[in-house]
Amino acid sequence: MGLKILQINTVCGSGSVGRIAVDIYHTLEKNGDKGMIAYGRRTAPEGIRAFRFGSPLDMGAHVLSTFFRGEHGFASGRQTKRLIGRIRKWNPDVIHLQNIHGFVLQVEILFAYLKEAGKPVVWTLHDCWPYTGHCAFYDYTACEGWKTGCRACREYQRTYPYALFRNHTIQNYERKRTAFTGVADLTIVTPSRWLAGEVKQSFLKEYPVQVIPNGIDRKCFRPVKSLLRQRLGLEGRFVILGVANVWERRKGLEYFVKLSGRLSEEYRVILIGLSQKQIKSLPENIIGLERTSSAEELAEYYSMADVFVNATLEDNFPTTNLEALACGTPVITFNTGGSPESVDESCGQVVPKGDTEALIKAIRQEREAPRQSESCLKRAERYEKYDRFQEYVELYHRLAGQGE
């Protein structure tokens, strides 16, 4: 008999985590299980069994709570209770938490229910927010306050979720620790070994941790022949590609600007995912493009590029690395978080975080002795999404007492 698995996420089908939730849903359906996705905002793709528990008005109130009170994750009580009502009605065998911060949930109410319900819970951490007093990532400033209580936070105004007027990091840390610990049957999943190591040093260390890397659809991300290079006038140029969903400061936009000023005319930088304002501020020798939701278009750019550079300063396990490799393009990344875990010497290079000279040297080396496309494709095979997400299905069945 198949299991009923409920996933809870901020969104359904959009953004990297929203797409992961839908991919897990389809994997469940292929295995004869039944999935449901509960989400707080935007819309769900057609054909997905899902329900939206949030509203734009409530999200606005939560944003104000974050900005003015510094309390992210502690508003939205009414819609959290609405969600719990739907959970009771559908009665899933396993509850899978994805990204539960994003202005949609009151986490204390949610976790009080989880402790009462006694159901197996899986919690995938896509960033560090669950065990800090405020921030989703802390590598940028090499902060270790989360190990002792976030008692000297100076970044709360500059780091997502941007508490602009009130520093409640100490109180938030204690409220999270009280809420998130003590769930009888909870398993944490991290996409990277790096984040698993961080969790084991946090107040969540009481829970078992399993590493399941993110996956990609290699039917979408594959080597594509196109006339893109000719259309952009890049014949004879060594093309350096950077891609981000949002080019916030942790994504390293400044390093691409530095590259453009240091490398000769034989090189050309292309950046995808920029805002119009960012595009207007770029040097003339950088081609800047807005975000695209088309995997086919992204695959063209990955395939056309000579190297993919990930200058991220804070990250968990970026799927952009995987997408580039699946298109046969080598990856150069800073030694940041879990980003290096998808790269070895056969398909790219890892350089010290923030080291512009090492980054330039690696790019030049790649031009002089390029990695073989076949090596990149072989590396990408281990990240086929349905293989990776099958690990979630096996975990669900084991927790529900139907696995080995």
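Close-up 1. A residue is called buried when its relative accessible area is under 20%, exposed when over 50% and partly exposed in between, with a 1.4 Å probe and the protein chains only. By this rule cysteine 12, at 1% relative accessibility, counts as buried, and so does cysteine 327, with a relative accessible area of 4%. This is a predicted model, in which local features need pLDDT of at least 70 and side-chain atom pairs count only at pLDDT 80 or more, whereas totals for chains, interfaces and linings use all residues. Residues are numbered from 1 along each chain as its sequence is written, and side-chain values use heavy atoms, with hydrogens and water left out. The structure holds zero disulfides, a disulfide being a pair of cysteine sulfur atoms within 2.5 Å. The sulfur of cysteine 12 has its closest cysteine sulfur in cysteine 220, 17 Å away and therefore too far for a bond.

**Close-up 2. The largest nonpolar core.** A nonpolar core is a set of buried Ala, Val, Leu, Ile, Met, Phe, Trp, Tyr and Cys residues joined through side-chain atoms within 4.5 Å. The largest has 45 residues, and those with the most contacts inside it are Ile8, Leu97, Phe111, Tyr131 and Leu204. Apart from this core lies another, of 29 residues, which includes Leu298, Cys327, Val331 and Tyr383.

**Close-up 3. Surroundings of phenylalanine 111.** Leaving aside residues up to four places away in sequence, phenylalanine 111 touches Leu97, Ile100, Trp123, Ala179, Phe180, Val183 and Leu186, where contact means heavy atoms within 4.5 Å.
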